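This report walks through one protein model, taking its helices, strands, aromatic rings and cores in turn. Please keep the sequence and the structure in view while reading.

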Amino acid sequence: MKNVIIFQDFVKNKGKYKKEELFNFLRAQVDNSLRFGWKPNDIFICTNLDFRYENVNVVEMERICTYNRFFNRMYGLYELLDKKIITENFWHHDFDDWQINKFNFPKFDGDLAMTKFCDFQQLCVSEIFVKPSSLDIWNLFYDFAEVNREHLEKNETLGDDAVLNLIYKNYPEIQSRFHQLNSRYCVGCTQFEDRYNASQLPIYIIAMKPNKDDITQFKNKNLIDKDLISILENNKLLIKR
């Protein structure tokens, strides 16, 4: 299993994150992954920024969506599989999603797996467990975004989660290839209590921006240990106390 983060900097919507802040997140993610036994060669940071750290793989992607920053995650997944940059199962996650316990690639039928949020009705794309056999699904997203660019560009706040949910609902022939994971694979700030209460234990992944979100609820549930606190502090994502 590979460990993948995708973030592209581009012309439109440029500057949402300052480079120093983003690099602090990426370094913290690498530090956190290494402490759970990931090897540098199994970690992929996919970005067109000049990030280098701990000999992990840094992949400069070519398929970049210049009109909607959110779509670059899906463009990246498509490119990684289409170009066979990764040829085995992998865990894709956002740069603010933190592993807190060891886990293996989950066993499931189908080609990709993720949790649901928003009253457990919407696919949550911040964590996706991807099999190479899902290539055509990401190709479908890419083609949909390119063909409908004029319409989608008018709503630049529309997220890739909304578009993937739209594709899922309108293409019933692919629905059986999606697998819903238990919330233990992503407990985030949105509807935190509901997602926590629905989770089997141990919880594997939490989602939060420690320099912006109130992380008290995570601490109160013992979801942030001293080692993660130290990593966040050392990478300037938490103020040392």
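Helix α8 is followed by lysine 236, whose phi is positive, near 60°. Helices here are DSSP runs of H or I with at least four residues, strands are runs of E with at least two, and both are numbered from the N terminus. The model is predicted, so that local features need pLDDT of at least 70 and side-chain atom pairs count only at pLDDT 80 or more, while totals for chains, interfaces and linings use all residues. Residues are numbered from 1 along each chain as its sequence is written, and side-chain values use heavy atoms, with hydrogens and water left out.

**Helix α8**

At the start of α8, a side-chain oxygen of aspartate 225 comes to within 3.2 Å of the backbone nitrogen of aspartate 227. Which residues of α8 (226–234) are buried? They are Leu228, Ile229, Ile231, Leu232 and Glu233, where buried means under 20% relative accessible area, exposed means over 50%, and partly exposed lies in between (1.4 Å probe, protein chains only). An α-helix has 3.6 residues a turn, so residues three or four places apart point the same way. The cover over the buried residues of α8 includes α1, β5 and α7 (216–220).

**Strand β2 and its partners**

From β2 (43–46), Ile43 and Ile45 point one way while Phe44 and Cys46 point the other way, and all are buried. Strands β1 and β2 run parallel and are joined by 4 bridges, two strands being counted as paired if DSSP finds at least two bridges between them. Within β2, isoleucine 43 stands opposite asparagine 3. Strand β2 also pairs with β3 (residues 57–59), again in the parallel sense, over 3 bridges, and there the bridge partner of isoleucine 45 is valine 58.

Aspartate 42 lies in the loop between α1 (19–35) and β2. Is aspartate 42 buried or exposed? Aspartate 42 counts as buried, because its relative accessibility is 19%. Not counting residues up to four places away in sequence, aspartate 42 touches Met1, Lys2, Asn3 and Asn57, a contact being heavy atoms within 4.5 Å.

**Aromatic rings**

A search of the whole structure finds 22 aromatic pairs. Rings of Phe, Tyr and Trp (its six-membered ring) pair if their centres lie within 6.5 Å, and planes under 30 degrees apart count as stacked, over 60 as edge-to-face and the rest as tilted. The rings of phenylalanine 7 and phenylalanine 95 are an edge-to-face pair, because their centres are 5.8 Å apart and their planes stand at 75°. This pair links distant parts of the chain, 88 residues apart, with phenylalanine 7 in the loop between β1 (2–6) and α1 and phenylalanine 95 in the loop between β4 (90–93) and β5 (97–99). Phenylalanine 7 is buried, with a relative accessible area of 19%, and phenylalanine 95 is buried as well, with 8%.

Tyrosine 75 and tyrosine 142 also form an edge-to-face pair, because their ring centres are 4.8 Å apart and their planes stand at 65°. Here the link runs between helix α2 (residues 72–82), which holds tyrosine 75, and helix α3 (residues 135–147), which holds tyrosine 142, and the two are 67 residues apart. Tyrosine 75 is buried, with a relative accessible area of 1%, and its side chain makes a polar contact with the side chain of glutamate 146 at 2.5 Å. A polar contact is a pair of N or O atoms within 3.5 Å; within protein, one must be able to donate a hydrogen and the other to accept it, and residues adjacent in sequence count only if both atoms are side-chain atoms.

Two charged residues lie over ring faces, where NZ of Lys or CZ of Arg must be within 6 Å of the ring centre and within 35 degrees of the ring normal.

| Charged residue | Ring | Distance to ring centre |
|---|---|---|
| Arginine 63 | Tyrosine 142 | 5.7 Å |
| Lysine 131 | Phenylalanine 108 | 4.3 Å |

**Nonpolar cores**

The largest nonpolar core has 44 residues, and Trp98, Phe129 and Ile206 have the most contacts inside it. Such a core is a set of buried Ala, Val, Leu, Ile, Met, Phe, Trp, Tyr and Cys residues joined through side-chain atoms within 4.5 Å. Helix α1 gives the most to this core, with 6 residues. Apart from it lies another core, of 35 residues, among them Val4, Cys46, Phe144 and Phe178.
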